[in-house]
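Colleague: I'm new to this and would like one close look at a single part. Please walk me through how charged side chains pair up in this model, and what surrounds those pairs.

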Amino acid sequence: MSRSALLNVMVNAADKAGRGLARDFGEVENLQVSRKGPADFVSRADKRAEEVIHAELLRARPSFGFLGEEGTVEEGDGQHRWIVDPLDGTTNFLHGVPIFGVSIALERQGELVAGVVYNPVLDELYVAERGQGAFLNNRRLRVAARDDLAACLIGTGLPFMGHGNHVRALSEVQPLMSRVAGIRRAGAAAIDLAWTAAGRLDGFWEHDLKPWDMAAGIVLVREAGGFVTDADNRGEMLKTGSVVAGNDFVHRALLGNVKDVREARPRPVATQ
């Protein structure tokens with residue numbers, strides 16, 4: 001595939017940060033045996049990766065804004081903004097699970113126009129640019145074409161200690177369990193969306209995400225021919241924190257499941 005200059009900038013930044021994370025990942029596996037564990041080390045690795053990405057992107061496009069998971073925020077020219085998660089899947093990384101990635105998206109005038117997700121351990125580079133398609137290591141991607149839920153593998157995210165709405169998550173998963181071939185929780189939304197673009201997952205939904213968790217993945221799914229909205233079937237994913245993705249059939253089915261659960265949930269009784 002031919003890449004634009006901007007996409008090459010993104011790929012180079014992801015590759016440089018990814019090489020560092022791959023080295024750090026080897027150290028994390030060694031640290032697992034210690035009582036303290038690798039948490040502090042991973043925190044430093046996360047920040048170093050964001051610093052590397054920021055420096056690479058800033059050098060190439062000094063006028064662009066920047067929104068990073070590790071707290072780097074710059075307004076820039078008000079027209080262009082990088083949205084970056086230097087290490088999506090931190091808990092996986094922390095435990096030596098090789099499902100994590102660097103996620104970089106470009107937003108232009110409020111529209112997501114390019115995305116890169118890179119898993120350096122598996123050496124899988126997902127790239128997409130508006131109107132140019134989505135690719136995995138130069139192989140063109142298409143979302144899965146299945147139109148029977150019984151044959152579908154669906155991805156989601158589950159809340160954990162102190163985070164998210166546990167009742168809502170369980171309520172949404174339960175009705176699907178008897179209707180689909182399987183439900184997966186990989187632990188990295190950027191990877192889940194990349195896998196949806198690649199057809200490994202037939203669909204994906206999650207709530208309580210941040211823009212950097214899903215921005216690049218949204219571009220990937222769209223450019224692979226999929227549908228992506230928030231849980232209300234609008235294009236406000238970065239604002240609402242929810243995302244629903246898949247082919248037309250799966251996307252509608254997942255939206256319907258979220259809606260059914262929401263409408264079935266008891267509403268608080270108004271008091272006088």
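Modeller: What follows goes through the pairs one by one and then moves on to the helices around them.

A word on the ground rules. This is a predicted model, where local features need pLDDT of at least 70 and side-chain atom pairs count only at pLDDT 80 or more, while totals for chains, interfaces and linings use all residues. Residues are numbered from 1 along each chain as its sequence is written, and side-chain values use heavy atoms, with hydrogens and water left out.

Now to the pairs. Side chains of opposite charge can pair when their charged atoms come close. The structure holds 13 salt bridges; to be counted, a side-chain nitrogen of Lys or Arg has to be within 4 Å of a carboxyl oxygen of Asp or Glu.

Let's start with Glu 56 and Arg 59, whose side chains meet in a salt bridge at 2.6 Å, N to O. Both sit in helix α2 (residues 39-60), and because they are three residues apart there, about one helical turn separates them. Glu 56 counts as buried, with 14% relative accessibility, whereas Arg 59 reaches 58% and counts as exposed. The cut-offs are under 20% relative accessible area for buried and over 50% for exposed, with partly exposed in between, using a 1.4 Å probe and protein chains only.

The next pair spans more than one element. Arg 200 and Glu 124 form a salt bridge through their side chains, 2.8 Å from N to O. Arg 200 is in the loop between α5 (189-198) and β11 (203-206) while Glu 124 is in strand β6 (residues 124-129), so this pair ties together parts that are 76 residues apart in sequence. Glu 124 is buried at 14%, and Arg 200 is partly exposed at 36%.

While you're looking at that spot, check out Asp 123, which lies in the loop between β5 (111-119) and β6. Most residues other than glycine have a negative phi. Asp 123 has a positive phi of about 55°, though it is not a glycine. Its relative accessibility of 47% makes Asp 123 partly exposed.

Now for a pair that belongs to a bigger group. Arg 262 and Asp 232 meet through their side chains in a salt bridge of 2.9 Å, N to O. Arg 262 belongs to helix α8 and Asp 232 to the loop between β12 (227-229) and α7 (237-240), which means the pair ties together parts 30 residues apart in sequence. Both are partly exposed: Arg 262 has 37% and Asp 232 has 39%. These two are part of a network of salt bridges that links Asp 230, Asp 232, Arg 234 and Arg 262.

Helix α8 (residues 248-264) packs against helix α4 (residues 166-177) at an angle of about 125°, and their axes are 9 Å apart. Here an axis is a line fitted to C-alpha atoms, for helices over the stretch in contact, and the angle between N-to-C directions can run from 0 to 180 degrees. That makes α4 oblique to α8: under 35 degrees would be roughly parallel, over 145 roughly antiparallel, 65 to 115 roughly perpendicular, and the rest is oblique.

Who touches whom? On the α4 side the contact is made by Ser 171, Glu 172, Pro 175 and Leu 176, and on the α8 side by Leu 254, Asn 257, Val 258 and Val 261. Contact means heavy atoms within 4.5 Å. These residues divide into five nonpolar, two polar and one charged. Nonpolar covers Ala, Val, Leu, Ile, Met, Phe, Trp, Tyr, Cys and Pro; charged covers Asp, Glu, Lys and Arg; the others, Gly among them, are polar.

One last stop in α4 is Val 173. Val 173 is buried at 15% relative accessibility. Beyond its neighbours within four places in sequence, Val 173 is in contact with Thr 156, Leu 158, Ile 183 and Trp 205.

Conventions: Helices (H or I, at least four residues) and strands (E, at least two) are DSSP runs, numbered from the N terminus.
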